[in-house]
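Q: Got a model open here and want to talk through a few spots. Can you take my questions one by one?

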Amino acid sequence: KQRRIMDNLKKIGLSALAGSLIAVSANAGEMSVSGSYGFTLSTQNGDTDGVADAVDVSGTNPNQGHGIGQDKDFSVSGSGELDNGWTFSGGTLLTDAMGLSSSSLSLTMGSLGTIMVGNTTGGNSTKYDVQTPAAYEEVDDGGATSISANSVGSWMDGNSLVYASPTFDLMSGMSATVHVEYAPEASDAATVDGGISASTTWDSGKSLGVTLAGNGLTIGVYGAERERTQAGATADQTNDIFAGVYYVNYAMGPVSIGYSKSYYDSGLDGVADGNTVAKAVGTAEGIFESETYSVAFNVNDNLSVSYAKAEDTYDAQDDSSNGGTAIADVTSDYKSIQAAYSMGAMSIKAYRTEQDNVEYQTNGGSLTVNEIAVGLAF
């Protein structure tokens, strides 16, 4: 009799366990794997050292060349739903060398918006920097250096909390979305589980962005601040970094036009660099300001073309107040014509990009890059 009782209890326990497993699996998230393969044919020519037809010690021009490159993306993603209706999603993207490219985890809280954490995600800044219409890439892709607008808020890539509000309706068919970021230490370091960012240069970072959209019009405004720690700071490292960008795009039928303007103040008060000195955004004295214009045309459902022009200016802010002499502004120019054609999972894209006054130098030279890319997604 005792044996029968024990057998019955075992059956009840196994039934309860099976039921609980069914309940868990019904609410478990789903995982998926995706990827793409492609190759590029590229050519480049120029004289970015400022000396026409210059050669290096091997007797060749480092700006002249051709190449066939390969690219592969491999990503793992997952999503699920909680009992209260909130949803979550996460993903990891690997590089060609199968190392970490980026990873993120998002929690969408219904009408409360979405919170995201991750590493090298770009944060909210990627929704605002150089957001003008393009058939393929941003205007500076293929250039010798990146446009300064891409540095606005770039220190929020890791070790930060990223928030996006739900889109809510305004008057006259317009809607708005708010984006907020906060990093307790804005060193741009990607921290692992249980890790910290031990920066002796940066304190906290924060940003705020607003996007308005409707009736073919999209307007975005974004500002970011990076607080500099005073521990061990030199005399010229006394101010915080402030950067901002805004854009206005308008689409009418197959035609889209756009304009974007950015501002980047490194917060450094030392002697500014001269016209013939190479400069890097974030480390050079002075202010960087960029303007981008573009127009894109969808020829049909498969083919699109675009043209973009940008001017990225280094402003030394009249350095005579620091004991130096007045320094004229230096503008680096970008031009890019692009095309893209899609056939289901296959795409063919191309651009020709030109850049002058590389690294904000009057003798910085120029670079021209032509690229054709073929990609297959699965």
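Q: Lys309 to start: buried, partly exposed or exposed?
A: Partly exposed, because its relative accessibility is 25%. Keep in mind that this is a predicted model.

Q: What does Lys309 pair with?
A: Glu311, in a salt bridge. The closest N and O atoms are 3.2 Å apart. Glu311 counts as partly exposed too, at 31% relative accessibility.

Q: How many salt bridges are there in the whole structure?
A: A search finds 4. One of them joins the side chains of Lys206 and Glu227, at 3.1 Å from N to O.

Q: Where do Lys206 and Glu227 lie?
A: Lys206 lies in strand E9 (residues 202–214) and Glu227 in strand E10 (residues 217–228), so the pair ties together parts that are 21 residues apart in sequence.

Q: And how accessible are Lys206 and Glu227?
A: Lys206 is partly exposed at 31%. Glu227 is partly exposed at 24%.

Q: What about Arg352, which residue does it bridge to?
A: Glu354, with the closest N and O atoms 3.3 Å apart. Arg352 has 37% relative accessibility, and Glu354 has 29%. Each counts as partly exposed.

Q: Which residues are joined into a network by shared partners?
A: Lys206, Glu225 and Glu227.

Q: Now Thr353. Buried or exposed?
A: Buried, because its relative accessible area is 1% and the cut-off for buried is under 20%. Thr353 sits in strand E16 (residues 346–356).

Q: What does the side chain of Thr353 reach?
A: The backbone oxygen of Asp141, at 3.1 Å. The Thr353 side chain also makes a polar contact with the side chain of Ser336, at 3.2 Å.

Q: Which residues is Thr353 in contact with, leaving aside neighbours within four places in sequence?
A: Among them are Val139, Gly142, Gly143, Lys335 and Leu367. Asp141 and Ser336 are on that list as well.

Q: Switching to the surface. Which residues make the nonpolar patch?
A: Tyr250, Met252, Val255, Ile257, Val295, Phe297, Val299, Val305, Tyr307 and Ile337. The patch covers about 830 Å².

Q: Which strands each supply at least two residues of the patch?
A: E11 (241–252), E12 (255–265), E13 (287–298) and E14 (303–315).

Q: Where does Val299 lie?
A: In the loop between E13 and E14. Val299 is partly exposed, with a relative accessible area of 42%.

Note on methods:
Residues numbered from 1 in each chain as written. Predicted model: local features only at pLDDT ≥ 70, side-chain atom pairs only at ≥ 80, totals over all residues. Heavy atoms only, no water. Helix = DSSP H or I, 4+ residues; strand = E, 2+ residues; numbered from the N terminus. Buried < 20%, exposed > 50% of the residue type's maximum accessible area, 1.4 Å probe, protein only. Polar contact = N/O pair within 3.5 Å; in protein donor to acceptor, adjacent residues only side chain to side chain. Contact = heavy atoms within 4.5 Å. Patch = residues over 30% accessible without salt bridge, like charges linked within 9 Å, V, L, I, M, F, W, Y side chains within 5 Å. Areas by Shrake-Rupley, 256 points an atom, 1.4 Å probe, with all protein chains shown as cover.
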